[in-house]
Amino acid sequence: MSTYVLNSQEYDNHHEVHDTDVHCNSETYPAPANQINLGWHFDCGDAIEDAESEYPNWDIDGCAHCTDCHTK
């Protein structure tokens with residue numbers, strides 16, 4: 001289990017989920033003011049499902065640098 005955050009800033013209507021337990025070098029890693037805490041999840045897929053249920057109109061994916069669920 002890991003803790004995940006969602007970037008509240010969009011990049012071309014795209015928001016990314018980041019694993020806070022992994023060092024992330026992504027330019028999309030959110031500043032503290034732009035982090036939406038998703039809490040503990042079994043895996044990144046669960047974190048994305050949680051984020052999509054809260055923000056159904058957002059395009060949400062996992063970060064390619066710190067998660068194993070990047071698909072877009």
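1. Two strands are taken to pair if DSSP finds at least two bridges between them. On that basis, strand S1 pairs with strand S2 (residues 14–19) in the antiparallel sense over three bridges, and leucine 6 stands opposite valine 17 in S2. The model under discussion is a predicted one.

2. S1 is also joined to strand S3 (residues 35–41): the two run antiparallel and are connected by six bridges. Within this pairing, tyrosine 4 stands opposite glycine 39 of S3.

3. The hairpin formed by S1 and S2 has six residues between the strands. In this hairpin, aspartate 12 takes a positive phi near 55 degrees.

4. How many of the six residues of strand S1 are buried? Six of the six residues in S1 (residues 2–7) are buried, so the strand is largely enclosed by the rest of the structure. In a regular strand, side chains alternate between the two faces of the sheet. Both faces of S1 are covered, with Ser2, Tyr4 and Leu6 buried on one side and Thr3, Val5 and Asn7 buried on the other.

5. The largest nonpolar core has 11 residues in all: Tyr4, Leu6, Val17, Ile36, Leu38, Cys44, Ala47, Ile48, Ala51, Ile60 and Cys69. S1, S3 and H1 are the elements giving two or more residues to this core, and H1 gives the most, with four residues.

6. Leaving aside neighbours within four places in sequence, leucine 6 is in contact with 	His15, Glu16 and Val17, with Asn34, Gln35, Ile36 and Leu38, and with Ala51, Tyr55, Trp58 and Ile60.

7. When neighbours within four places in sequence are set aside, the contacts of histidine 18 include Thr3, Tyr4 and Val5. Cys24, Cys63 and Cys66 are also among its contacts.

8. Phenylalanine 42 lies in the loop between S3 and helix H1 (44–54). This residue is exposed, because its relative accessible area is 63% and the cut-off is over 50%. Phe42, together with Met1 and Trp40, makes a nonpolar surface patch of about 450 Å².

Notes: Residues numbered from 1 in each chain as written. Predicted model: local features only at pLDDT ≥ 70, side-chain atom pairs only at ≥ 80, totals over all residues. Heavy atoms only, no water. Buried < 20%, exposed > 50% of the residue type's maximum accessible area, 1.4 Å probe, protein only. Patch = residues over 30% accessible without salt bridge, like charges linked within 9 Å, V, L, I, M, F, W, Y side chains within 5 Å. Areas by Shrake-Rupley, 256 points an atom, 1.4 Å probe, with all protein chains shown as cover. Salt bridge = Lys/Arg side-chain N within 4 Å of Asp/Glu carboxyl O. Core = buried A, V, L, I, M, F, W, Y, C linked by side-chain atoms within 4.5 Å. Contact = heavy atoms within 4.5 Å.
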